[in-house]
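Here are a few friendly notes on the charged side chains, for you to follow with the model open.

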Amino acid sequence: RDRKAALSPERLSQRHPPEIATYLRYARSLRFEECPDYMYVKNLFGELFEERGFEDDDAFDWTIVAQQLVGGSDFSKSCDGKLRRELCATRASEVLSSEEFED
């Protein structure tokens with residue numbers, strides 16, 4: 001933890017867009033009791049998102065992986081978050097215990 005704190009935001013984010021360093025400087029500047037300006041952060045990364053040409057398709061990496069693990073339809077038809085997590089956890093443990101993941 002101390003090693004990371006000693007590194008500058010520029011050093012920590014040297015292979016990433018400059019917005020990462022900006023965010024790290026902002027986060028470090030906050031006092032413990034201070035509430036972050038979420039709109040500032042959202043806009044910071046929203047502009048980067050658009051600048052990089054990404055499209056908002058409402059598909060998140062973790063959702064896509066979960067759908068693949070569960071098999072798609074069961075996951076998307078379920079609107080109960082707890083059930084989705086249970087389905088995903090069950091399917092993930094099945095996949096991880098299958099022969100293809102054995103050494």
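Predicted model: local features only at pLDDT ≥ 70, side-chain atom pairs only at ≥ 80, totals over all residues.

1. Residues are numbered from 1 along each chain as its sequence is written, and side-chain values use heavy atoms, with hydrogens and water left out.

2. The whole structure holds 3 salt bridges (a side-chain nitrogen of Lys or Arg within 4 Å of a carboxyl oxygen of Asp or Glu). In one of them, Glu10 pairs with Arg25, with 2.2 Å between the closest N and O atoms. This pair links distant parts of the chain, 15 residues apart: Glu10 lies in helix H2 (residues 9–12) and Arg25 in helix H3 (helices are DSSP runs of H or I, at least four residues, numbered from the N terminus).

3. Arg31, Glu33 and Glu34 form a network of salt bridges. Arg31 meets Glu33 at 3.2 Å, N to O, and Glu34 at 3.9 Å between the closest N and O atoms. Arg31 is exposed at 54% relative accessibility, while Glu34 is partly exposed at 32% (buried is under 20% relative accessible area, exposed over 50%, partly exposed in between, with a 1.4 Å probe and protein chains only).

4. Do look at Glu19 in helix H3 (residues 18–29). Glu19 is buried but has no salt bridge, and Arg52, the nearest side chain of opposite charge, is 5.5 Å away (Lys and Arg count as positive, Asp and Glu as negative; His and the chain ends are not counted). Beyond four places in sequence, the contacts of Glu19 are Leu44, Phe45, Leu48 and Glu51 (heavy atoms within 4.5 Å).

Notes. Helix = DSSP H or I, 4+ residues; strand = E, 2+ residues; numbered from the N terminus.
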